[in-house]
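The sequence and structure are shown first, and the description follows.

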Amino acid sequence: AGSAMVVGGLLSPDPRVKPRFHNFAMGFLKYCDGTSHTSAAPNPVSVAGADGRSTTIWMRGRAVLTAQIHDLLRQGMASAAEIIVSGGSAGGLTVYLGLDVVRDIIHAANPAARVVGAPDAGFFLDTATAAGGQYAYRQAFIDADKFWNATAAGTLPAACIAASSSEAWRCFLAPYAAPYIETPFFISNSVYDFWQLLNELDLGCTPNAAVAGYPQCTAAQMQAFLAYRAAFLDGIQTTLKAHPYTGAGLVSCFVHEINVDYCSGQSLPNCRGWNAYNVTAPGYPPQLTPDAIFAM
């Protein structure tokens, strides 16, 4: 018999960690489609495998997600009273982009179920790199969708697509897609998201040189660091204003995911607002204070 996978946070069975939801039935859907379950390509794609040989893959993330939800319904979710749809990082983006679809599938079998979303670390900004000013992350979605076929197949939020005209790529990003979500959801994220700062902003430093082996930020880099936080909060506020029934819990930890213990292998401890990587720890500039927005 295999051992149970314990990832903590929202999936913890410990009532001390999760007093309200610890006794819920839980399903953990392993994610490997690379498109936040939006892809719907009609034909397979030939790619180079890890061994250098050509292999064929199908970009059918939306079909996989749909099949998984139907399977969970057959296993008992069709009689559930309350259902929380969550995910971390790319899985968190899946919640923003697919929550209404998941809700509709569930309600077709279980109309009385209360369905809500809990995306974690999926609020990826549309931001330019700090040094070059290039929107590389945005461009990655534009280029990848040639293979994913998500915009053409209509797997992104329909209302967002309709409002975005010729810029359908915007609907791959949570700040643009979230205002169009109909299902209630609660956002979990760091305003100094570790992955985004190092990969989207391409900052290449941290406020404290001791963190994760990166050099300490220069004064100019710190300005970009703080500007990112301001832009992040603007995006959150826009989302909250669009949804009076939605809320957010934000932390100032230099971390990526905050609702699980594995944190995508980022070599940082889990952040729940009180560990050594909180920006109130010694060595961090005093202007970086903890953030918390809780709105219902």
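In this predicted model, the torsion about the S-S bond of Cys205 and Cys217 is about 95°, so this disulfide is right-handed. The sulfur atoms of Cys205 and Cys217 lie 2.1 Å from each other. Distant parts of the chain are linked by this pair: Cys205 and Cys217 are 12 residues apart, and each is in the loop between α7 (194-199) and α8 (219-242). Cys205 has a relative accessibility of 1% and therefore counts as buried. Cys217 is also buried, with a relative accessible area of 10%; the reason is that buried means under 20% relative accessible area.

The structure holds two disulfides. The other pair is Cys160 and Cys171, joined with an S to S distance of 2.1 Å. This pair, too, links distant parts of the chain, with Cys160 in helix α5 (residues 158-164) and Cys171 in the loop between α5 and α6 (174-177), 11 residues apart. Here the torsion about the S-S bond is about -95°, so the disulfide of Cys160 and Cys171 is left-handed. Cys160 counts as buried because its relative accessibility is 0%, and Cys171 is buried with a value of 0% as well.

| Cysteine | Relative accessibility | Class |
|---|---|---|
| Cys160 | 0% | buried |
| Cys171 | 0% | buried |
| Cys205 | 1% | buried |
| Cys217 | 10% | buried |

In general, a disulfide is a covalent bond between the sulfur atoms of two cysteines.

Technical notes: Residues numbered from 1 in each chain as written. Predicted model: local features only at pLDDT ≥ 70, side-chain atom pairs only at ≥ 80, totals over all residues. Heavy atoms only, no water. Disulfide = S-S within 2.5 Å. Helix = DSSP H or I, 4+ residues; strand = E, 2+ residues; numbered from the N terminus. Buried < 20%, exposed > 50% of the residue type's maximum accessible area, 1.4 Å probe, protein only.
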